[in-house]
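Open the model in your viewer and keep the selection panel at hand. This tour moves from stop to stop, saying what to select and what is there.

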Amino acid sequence: KKITCPVQLLWGATGQVGVQNDPPAIWKHYASDIRDAQALPCGHYLSEEAPEETYRAVRAFFTS
């Protein structure tokens, strides 16, 4: 079964996930409603390395 609720997909552009993978392509197998998929300018630890960008992305997702 896939996740059916709205999903926000965030990853670090310079981290291993962002460099070696295509997160939206991978996650389309697990979630049917990916509404926001974006790479943030950081490595693995989004909230520590890019706190303002993470905050803006999460706030926009939950207020849309």
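Helices (H or I, at least four residues) and strands (E, at least two) are DSSP runs, numbered from the N terminus. Select Trp27 to begin: its place is in helix H2, residues 23-27. The model is predicted, so local features need pLDDT of at least 70, side-chain atom pairs count only at pLDDT 80 or more, and totals for chains, interfaces and linings use all residues. Residues are numbered from 1 along each chain as its sequence is written, and side-chain values use heavy atoms, with hydrogens and water left out.

**Stop 1**

The cut-offs: buried means under 20% relative accessible area, exposed over 50%, and partly exposed in between (1.4 Å probe, protein chains only).

Now turn to aromatic pairs. Rings of Phe, Tyr and Trp (its six-membered ring) pair if their centres lie within 6.5 Å; planes under 30 degrees apart count as stacked, over 60 as edge-to-face and the rest as tilted. The structure holds two such pairs. Tyr30 is partly exposed, with a relative accessible area of 47%.

Jump to Phe61 and Phe62. Their ring centres lie 5.2 Å apart with planes at 80°, so this pair is edge-to-face. Phe61 counts as buried at 17% relative accessibility, whereas Phe62 counts as exposed at 64%.

**Stop 1**

**Stop 2: Ala31**

Select Ala31, in the loop between H2 and strand S2 (34-40). Ala31 counts as buried, at 4% relative accessibility. Leaving aside neighbours within four places in sequence, Ala31 is in contact (heavy atoms within 4.5 Å) with Lys2, Ile3 and Val7. Draw a distance to Gln8: the two C-alpha atoms are separated by 10 Å, with the residues 23 apart along the chain.

**Stop 3: Gln8**

Gln8 lies in strand S1, residues 7-12. Gln8 counts as buried, at 18% relative accessibility. What does its side chain make a polar contact with? The partner is the side chain of Asp36, at 2.9 Å. A polar contact is a pair of N or O atoms within 3.5 Å; within protein, one must be able to donate a hydrogen and the other to accept it, and residues adjacent in sequence count only if both atoms are side-chain atoms. A polar atom of the Gln8 side chain also lies 2.8 Å from the backbone oxygen of Ala57. Not counting residues up to four places away in sequence, Gln8 touches Asp36, Ala57, Val58 and Phe61.

**Stop 4: the salt bridge**

Select Arg35 and Asp33. Their side chains meet in a salt bridge (3.0 Å, N to O). The term covers a side-chain nitrogen of Lys or Arg within 4 Å of a carboxyl oxygen of Asp or Glu. A search of the whole structure finds one. Arg35 counts as exposed, at 57% relative accessibility.
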